[in-house]
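Please look over the sequence and the model shown here.

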Amino acid sequence: TKSMLPDARGAVPWSLLSAATIQMNKGKLGPAFPEALRPLNGKTVKLQGYILPIEAGQTHSYFMLSAWSPTCPFCQTAGPEAVVEVRARSAVKYSIDPVVVEGRLMLLENDASGVFYRLVDAVPASLK
């Protein structure tokens, strides 16, 4: 069975990120974040996931990070709760394997693009 990337020790778990739901708030649809995630808002964290490039190239400083492999034709497509927009301070090399990035996690209450999570000032990292 193809499934979401398992939680990695030392990284914010996808099981927690993907627990966000969509709710009506002031007449607009938006994310309802799990309480356990709120203390991480604005904090430096590590995330492990698959790079979904936005532009062509071998390295990326702006991309989406997903819990689901983009090379798996049978996998679910990721909803906003299973992707993180990454804005990297130093470019991350593309890989079909999961990568680890470290940066400041932002929980986006009502981003116009529908994104729930953004990692800013991100740099390549490892879980070791």
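## Strand pairing around β7

β5 and β7 run parallel and are joined by 4 bridges. Strands here are DSSP E runs of at least two residues, helices are H or I runs of at least four, and both are numbered from the N terminus. Two strands count as paired if DSSP finds at least two bridges between them. The model is predicted: local features need pLDDT of at least 70, side-chain atom pairs count only at pLDDT 80 or more, and totals for chains, interfaces and linings use all residues. Residues are numbered from 1 along each chain as its sequence is written, and side-chain values use heavy atoms, with hydrogens and water left out.

β7 is mostly covered, with 6 of its 8 residues buried. Buried means under 20% relative accessible area, exposed means over 50%, and partly exposed lies in between (1.4 Å probe, protein chains only).

D121 is found in β7. D121 is not a glycine, yet its phi is positive, at about 55°.

## The nonpolar core

Which residues have the most contacts inside the largest nonpolar core? They are L47, L65, V84, Y117 and L119, in a core of 29 residues. At least two core residues come from each of α1 (14-17), β3 (44-53), β4 (59-66), β5 (83-93), β6 (99-107) and β7 (117-124). Such a core is a set of buried Ala, Val, Leu, Ile, Met, Phe, Trp, Tyr and Cys residues joined through side-chain atoms within 4.5 Å.

A contact means heavy atoms within 4.5 Å.

V92 is found in β5. V92 is buried, at 3% relative accessible area. Its contacts are I51, Q58, T59, H60, F63, V101 and P124, again leaving out residues up to four places away in sequence. V92 and L17 are 75 residues apart in sequence, and their C-alpha atoms are 22 Å apart in space.

## Salt bridges

The structure holds 6 salt bridges. A salt bridge is a side-chain nitrogen of Lys or Arg within 4 Å of a carboxyl oxygen of Asp or Glu.

| Pair | N to O distance |
|---|---|
| E109 and R38 | 3.3 Å |
| R104 and D121 | 3.7 Å |
| D111 and R118 | 3.1 Å |

The side chains of E109 and R38 meet in a salt bridge. This pair links distant parts of the chain, 71 residues apart: E109 is in the loop between β6 and β7, and R38 is in the loop between β2 and β3. E109 is partly exposed at 38% relative accessible area. R38 is partly exposed too, at 34%.

R104 forms a salt bridge with D121. R104 lies in β6 and D121 in β7, so the pair ties together parts that are 17 residues apart in sequence. R104 counts as partly exposed at 31% relative accessibility. D121 is partly exposed at 39%.

D111 and R118 meet through their side chains. D111 is partly exposed at 23% relative accessible area, whereas R118 is buried at 18%. Both belong to a network of salt bridges that links E85, R87, D111 and R118.

## The β1 and β2 hairpin

β1 (residues 21-25) pairs with β2 in the antiparallel sense over 5 bridges. N25 has K28 of β2 as its bridge partner. The hairpin has 2 residues between the strands, and K26 takes a positive phi near 55°.

L29 lies in β2 (residues 28-32). L29 is exposed, at 64% relative accessible area. I22, M24 and L29 make a nonpolar surface patch of about 350 Å². Patch residues have over 30% relative accessible area and no salt bridge; like charges are joined within 9 Å, and nonpolar side chains (Val, Leu, Ile, Met, Phe, Trp, Tyr) within 5 Å. Accessible areas come from the Shrake-Rupley method with a 1.4 Å probe, and for residues only the protein chains shown count as cover.
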